[in-house]
Each structure stands twice: as C-alpha cells, then as structure tokens.
Amino acid sequence: MEAEPSRSEITEINSTLSDATSPPLVTGRARSILHIECCLKTLSTVRYEVIREQVEKFLREFKTSLLCHSEISDFQDVALLKENVEYMIVAEAGCDTSEIQILENVDLNIHVYQLNEDDVVEEYQEEENVLTANYWDLPARALDGLWDNLIFDENIKIRLLDYVYTTILFADRNVNSNIISWNRIILLHGPPGTGKTTLCRAFAQKLSIRLAERYSHGKLFEINSHSLFSKWFSESGKLVQKLFQQIYDLIDDDDAFVCILIDEVESLAATRKTALSGAEPLDAVRVVNALLTQIDKLKQEKNVLILTTSNITEAIDIAFIDRADIKQYIGLPSQQAIYGILSSCIRELMRVKIIVEEEFLLDWRAVELYQHTNSIDDPSIRLYAICGKCQATYAQFLKSWATTTLKDFLKALEHAVDNEIIGRKLTLENQGEGGTCKMLINERN
Ligand SMILES: Nc1ncnc2c1ncn2[C@@H]1O[C@H](COP(=O)(O)OP(=O)(O)OP(=O)(O)O)[C@@H](O)[C@H]1O
Ligand SMILES: [Mg+2]
C-alpha cells in the first residue's frame with residue numbers, strides 16, 4: 001500500500017505547482033523546513049552524514065533562532081566543523097517567507113556538499129571551430145554565491161525550487177503522467193540583461209546542492225543555440241544528434257542530476273518560421289524538429305531538467321512555449337531590487353578594497369525610512385536616489401569601473417545613469433522624428 005504523504009511533503013505540494021496563482025492542492029498547516037547549506041573544504045574526507053548530524057546538534061544546542069539568507073560563522077568552536085566546514089549559510093524556509101525562524105518551530109534540512117574546482121569545459125565543432133556547448137561539473141566553485149547575489153522582486157527563486165521539488169515528489173510517487181504530465185522545461189523570458197542566463201546557471205548549481213542526498217553530483221550542459229543554426233544546416237542535424245548523444249551519456253549516470261541550458265531559444269523559433277515561409281532551406285526545419293523530438297524524449301528521464309531563456313517572447317516558437325511547465329517573466333528590476341543589487345556590488349568592491357573605505361549601507365527598509373531625514377551626503381541615501389533614477393536601466397554598467405572611494409563610485413554611478421537616461425531619450429526622439437537624435441548628438445559634441 002502507498003504510504004501517506006508526510007507533513008513536509010504536504011507543505012511542498014502546497015507551495016508548488018507550475019502556476020503561482022493556482023490555489024493550493026492540499027490544505028493544512030505543517031512545520032516549515034529551514035534549509036541550511038554547509039560547504040565542506042575541498043580536502044575534507046568526512047562522511048556527509050557525520051557533518052549533517054554535527055551541524056544539527058550544534059544548531060539545536062546553541063541557537064534559538066536563525067536569520068534567513070545569513071551566514072553562520074560561530075561553528076568554529078566545534079572542532080570537527082572547524083576542521084571540515086568552509087562556510088555555512090541559512091537559506092530559505094520553504095514557503096514561509098519570515099526572515100527570522102524560531103528553531104523549535106522548524107525542521108532542519110541540512111545540505112552538505114563540496115565544490116568542484118574544475119573550470120567550465122568548452123566543446124567546439126571540429127571543422128568550423130564553432131563553440132557548440134559548455135559543460136560544468138556541479139556544484140562548481142566558479143558558480144559559488146551566484147544564486148544569493150541575484151535579486152528579483154517576486155519570489156521567482158522559491159517558485160523555481162518548489163517546481164523541482166514537486167516534480168521529484170510526483171516521480172517518487174509514480175503519479176500517472178497521462179493525468180499530470182511534466183515536460184521538465186522551464187522558460188525564462190524578458191528584456192535583455194535582467195539576469196535570465198545567470199539565474200539558469202545559479203539554479204542548476206542550487207539544484208546540485210539541494211538534491212545532493214539523492215544525486216551525488218550535478219552537471220550543467222549549455223547548448224549554444226546559435227551554433228545549431230549557423231550556415232551549415234546540413235551539418236546541424238548531425239550536431240543535434242551528437243549533442244544529445246552526449247546528454248544521454250550524462251543522464252545514464254543515475255547518480256547525476258543533469259540540467260540542460262538552451263539560451264536564446266528565439267533563434268530556434270525564428271529559424272523554423274523563416275524556413276516554413278520558404279526563406280530558409282528545409283534542412284533548418286529538420287534541425288528544429290529534431291531538437292524538439294529529442295527534448296520530448298527527455299521528459300521520460302527523472303534526472304534531467306531543461307532550462308531555456310529568451311529575450312523576445314513574441315518570437316519564441318509556439319511549440320516551445322507549449323512545452324514549458326513554467327514560463328517565468330523576468331522584468332526590469334524595481335528601485336528596491338536595484339538598491340539590493342547595487343549595495344551587494346558595493347559591499348563586494350569594499351571587500352576586495354577597490355572601494356577603500358568600509359561604509360555601512362542601510363538595508364532597504366531603513367533607507368526608505370530615513371530618506372527624508374538623513375542628508376544626501378549619506379551614501380545609502382545617495383544610492384537610494386540614484387536607484388530611483390535608474391529604474392529602467394540595469395546593474396551591469398557597474399562592472400567596468402574601478403574607483404577608490406565610495407563617494408567617487410557613487411558619482412560615477414550617477415553619471416552613468418544620467419548618460420543612460422539621455423541616451424534613451426535621444427533614441428525615443430529619434431524613433432519619433434527621424435534624424436533628431438543625430439542632430440542632438442552632434443550638438444552635444
Ligand atoms: N536581478 C539581478 N540581480 C543581480 N545581478 C543581476 C540581476 N540581473 C542581472 N544581473 C547581472 O547582470 C549581468 C547580465 O545578466 P544575464 O546575462 O544573466 O542577463 P540576461 O537576461 O541573460 O540577458 P540577455 O537577455 O541579454 O541574454 C550578470 O552579470 C548578472 O549577474
Ligand atoms: Mg542571456
């Protein structure tokens with residue numbers, strides 16, 4: 001006889017299912033699960049189970065509450081942990097969004113893992129030397145911390161995790177796939193530069209940590225969709241076959257969880273559309289169809305997930321949209337999200353001493369509270385004001401700057417935002433009345 005779902009499983013079912021707006025399947029209160037992630041030093045050889053027990057003992061004995069999304073550093077007093085643990089973080093508490101979690105009210109789920117030091121492996125198509133795929137062994141040192149540094153307005157990250165937990169629960173319970181079917185495909189779409197590709201990589205890394213008890217290691221296989229549809233279509237068919245053969249080899253390893261990232265899927269759709277209209281060779285249609293067939297075959301496999309992105313939603317092949325279990329729009333960040341992104345960038349620049357002084361930046365709630373009372377010379381208030389201005393721009397322009405003081409940094413940031421705003425205004429004017437843009441640029445010069 002099938003066992004009843006446990007309380008924690010009920011919570012998971014409740015918090016999930018592909019559409020965040022759908023009502024919960026099962027009602028009932030259950031204890032939250034607080035996720036703790038514990039990264040071991042590269043040379044540690046202690047069994048994960050032993051560390052897990054020690055961490056639970058340490059937390060239950062010495063802590064009464066824990067702050068979500070924070071680091072625990074005082075484990076150094078426990079010799080075994082000091083010797084083996086590189087860092088330990090409190091992640092989220094399932095569907096409970098409270099920041100502070102009282103330990104006696106939660107079940108702990110402690111995820112122990114070690115980072116893989118290998119770099120990404122790039123695969124090239126031999127004859128033309130075109131990059132066809134990237135391959136990562138997960139969890140990878142190179143992707144460490146990515147997930148926590150991605151800041152979105154809605155609960156997008158929790159929603160993605162819940163989806164995967166649900167697919168696993170359903171697979172374990174042998175839910176009849178003719179009644180509830182999964183394609184194992186997630187589509188992230190939205191404007192350029194909003195973090196879609198980064199989120200896919202971070203998500204694959206996160207899954208390799210969260211599913212470590214079930215799958216001893218993870219893999220991320222990134223297909224370069226442009227290479228599939230470059231000029232040599234007759235070769236592309238073979239390439240799809242070869243790529244999927246590689247994927248099947250990875251999936252054959254039952255101890256591995258495999259994420260496949262197909263970035264910018266609109267190139268696939270565009271190809272099929274122009275091909276059907278007769279503008280592209282028929283080979284192109286065959287390639288797209290071959291790809292879709294291969295993707296369909298993958299849904300039978302329990303240890304695979306396909307992540308796709310696009311920044312032109314309208315251009316994505318309808319066949320593709322229909323296949324996605326989750327279609328998540330990733331929009332431009334709000335003032336609050338930008339404040340979060342930029343403060344974490346500034347903290348990082350302070351850590352590595354590119355910004356020399358160590359200033360304390362207020363969190364969002366505090367900065368909102370003090371914006372009228374504190375002086376604009378206060379770095380947090382200045383940053384707040386800049387974020388208000390650049391709501392329609394992104395955080396990337398930070399990257400190329402290396403300044404020495406926080407004041408200079410904020411000045412440079414404001415300057416970049418102002419430039420961006422002028423640039424956009426010019427573009428809009430140019431679109432409205434042809435030629436104005438060019439004239440204005442000449443005037444400015
Ligand atoms: N919400 C965010 N939080 C933190 N960093 C972000 C966020 N959005 C974007 N970034 C940063 O901006 C950079 C660009 O992100 P990414 O390449 O993932 O965007 P994208 O949506 O895939 O863009 P495109 O559609 O052009 O491919 C990355 O370095 C990423 O870390
Ligand atoms: Mg991208």
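This briefing covers aromatic pairs, a charged surface patch and some backbone features. The model is predicted. It holds 8 aromatic pairs.

**Aromatic pairs**

- The structure has 8 aromatic pairs. In one of them, the ring centres of phenylalanine 58 and phenylalanine 62 are 5.6 Å apart. Their planes meet at 45°, so this pair is tilted.
- Both residues belong to helix H2 (residues 48-62). Phenylalanine 58 and phenylalanine 62 are 4 residues apart, which means a separation of about one helical turn.
- Phenylalanine 58 is buried, because its relative accessibility is 5%, under the 20% cut-off. Phenylalanine 62 is exposed, because its relative accessibility is 54%, over the 50% cut-off.
- Tryptophan 364 and tyrosine 384 also pair, with ring centres 5.4 Å apart. Their planes are at 35°, so this pair is tilted too.
- The pair of tryptophan 364 and tyrosine 384 links distant parts of the chain. Tryptophan 364 is in helix H13 (residues 364-370) and tyrosine 384 in helix H14 (residues 379-389), 20 residues apart.
- Tryptophan 364 is buried, at 14% relative accessible area. Tyrosine 384 counts as buried at 12% relative accessibility.
- Tyr163, Phe170 and Trp182 form a cluster linked by ring pairs.

- Aspartate 255 sits in the loop between helix H8 (233-251) and strand S11 (256-262).
- Aspartate 255 has 43% relative accessibility, so it counts as partly exposed. That value falls between the 20% and 50% cut-offs.

- Proline 139 lies in the loop between strand S8 (130-138) and helix H4 (146-149).

**Positive phi outside glycine**

- Histidine 69 has a positive phi, near 60°, though it is a residue other than glycine. Its place is the loop between strand S2 (65-67) and strand S3 (70-72).
- Histidine 69 is exposed, with 53% relative accessible area.
- Lysine 353, again a residue other than glycine, has a positive phi near 65°. Lysine 353 is found in the loop between helix H12 (335-351) and H13.
- Lysine 353 is exposed, with a relative accessible area of 51%.

Note on methods. Residues are numbered from 1 along each chain as its sequence is written. Chains are lettered from A and ligands numbered from 1 in the order in which they are written. This is a predicted model: local features need pLDDT of at least 70, side-chain atom pairs count only at pLDDT 80 or more; totals for chains, interfaces and linings use all residues. Side-chain values use heavy atoms; hydrogens and water are left out. Helices (H or I, at least four residues) and strands (E, at least two) are DSSP runs, numbered from the N terminus. Buried means under 20% relative accessible area, exposed over 50%, partly exposed in between (1.4 Å probe, protein chains only). Rings of Phe, Tyr and Trp (its six-membered ring) pair if their centres lie within 6.5 Å; planes under 30 degrees apart count as stacked, over 60 as edge-to-face and the rest as tilted.
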